[in-house]
Amino acid sequence: MSQITDSIKQENPQSPTRQSLSALNKVTLVASLGQALFVIANFLIVWLLHGAFVPEFFIGIVPALIVVGLLAGRVRWAPALGAVQALLTATLFLANPNAQDTLTHPGSGFIDFIAEVIVLAFVLIVVVAGVGATVQNYRGGMPRPQRWLQPFLTGLTGIVVGMLIVSALAAANPATSSASSTGGEATVHMTAHSFAQNVVLVSKGSRLLIVNDTSVEHILQNGMWTNTTPRTITEPGAPVVHNVDITGGSVQIGPFTTAGIFHIYCTIHQGMNLTIVVQ
Ligand SMILES: [Cu+2]
């Protein structure tokens with residue numbers, strides 16, 4: 001009887017006794033899918049919230065989905081390919097000045113921060129589980145139980161949750177200063193896609209210093225964003241600010257010789273407005 005079933009198995013090795021995916025292959029598959037989904041989330045956040053369509057995100061999406069397909073098809077080298085694409089995704093993310101700014105200033109873009117941290121956590125899982133799964137797939141035989149796998153996943157989840165709680169606290173308690181100064185001069189800082197404060201007080205006759213804290217480009221102009229529409233406006237008494245390009249470093253605007261309320265906006269970043277109160 002057992003001989004008969006053996007011969008059936010040999011004739012038809014694919015089914016119905018086809019082995020289920022080993023734990024490491026499953027973890028690699030789920031984490032690759034999670035990585036792709038959260039890169040899509042990042043892409044949508046940057047597009048819908050910040051108005052920037054960045055097709056480069058697909059470098060972190062399409063290869064990950066191909067890896068998912070190959071893993072589901074039980075291709076032996078698929079987890080190795082997964083580890084390589086995950087490392088590539090992480091490198092592209094960490095080399096991007098916008099992403100660097102978000103990761104170092106969790107309070108300024110909480111949603112961006114969450115999405116990025118989760119992508120990087122999935123990357124780490126894909127790399128570790130992918131290397132393990134590749135070794136296992138090529139060694140052959142029955143997959144051995146991986147005692148380290150569960151503590152690794154639990155520990156990583158704990159770290160990510162901890163980071164999210166800390167950043168939520170940072171976002172809930174933003175710096176509330178409406179005017180800061182360096183040696184008596186009013187100063188406003190810019191993060192990757194916004195002014196660090198939206199109102200600044202400038203004393204009549206003095207200048208305003210605008211400092212770019214990142215290497216992200218901003219182009220400043222008189223006017224403001226109204227919802228999704230940028231409007232260049234001429235306000236009587238305001239110094240002319242026309243296509244002032246700041247990529248790192250700082251710029252001085254003014255002097256503001258007339259008391260009143262004036263507006264400056266960034267032509268690149270949707271909603272990036274600054275109100276200047278001169279008195
Ligand atoms: Cu800008």
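Modeller: A residue is called buried if 20 or more other C-beta atoms lie within 10 Å of its own, exposed if 12 or fewer, and partly exposed in between, with C-beta atoms placed from the backbone. By that definition N243 counts as exposed, because it has 9 C-beta neighbours inside 10 Å. The model is a predicted one, in which local features need pLDDT of at least 70 and side-chain atom pairs count only at pLDDT 80 or more, whereas totals for chains, interfaces and linings use all residues. Residues are numbered from 1 along each chain as its sequence is written.

The backbone of N243 deserves attention as well: its phi is near 50°, a positive value in a residue other than glycine. N243 is found in the loop between β5 and β6; strands here are DSSP runs of E with at least two residues, helices are runs of H or I with at least four residues, and both are numbered from the N terminus. A second residue of this kind is N227, which is not a glycine and has a positive phi of about 55°. N227 is found in the loop between β4 and β5 (229-232), and N227 is exposed, with 6 other C-beta atoms within 10 Å. Most residues other than glycine have a negative phi, and most peptide bonds are trans. The peptide bond from G254 to P255 is cis, with omega near 10°. P255 is found in the loop between β6 (244-253) and β7 (260-266).

The strands themselves may be taken next. Strand β2 (residues 185-190) has a covered face formed by A186, V188 and M190, while E185, T187 and H189 form its uncovered face. β2 runs parallel to strand β4 (residues 208-226), and 5 bridges join them; two strands are said to pair if DSSP finds at least two bridges between them. Within this pairing, M190 has N212 of β4 as its bridge partner.

β3 pairs in the parallel sense with strand β8 (residues 273-278) over 4 bridges.
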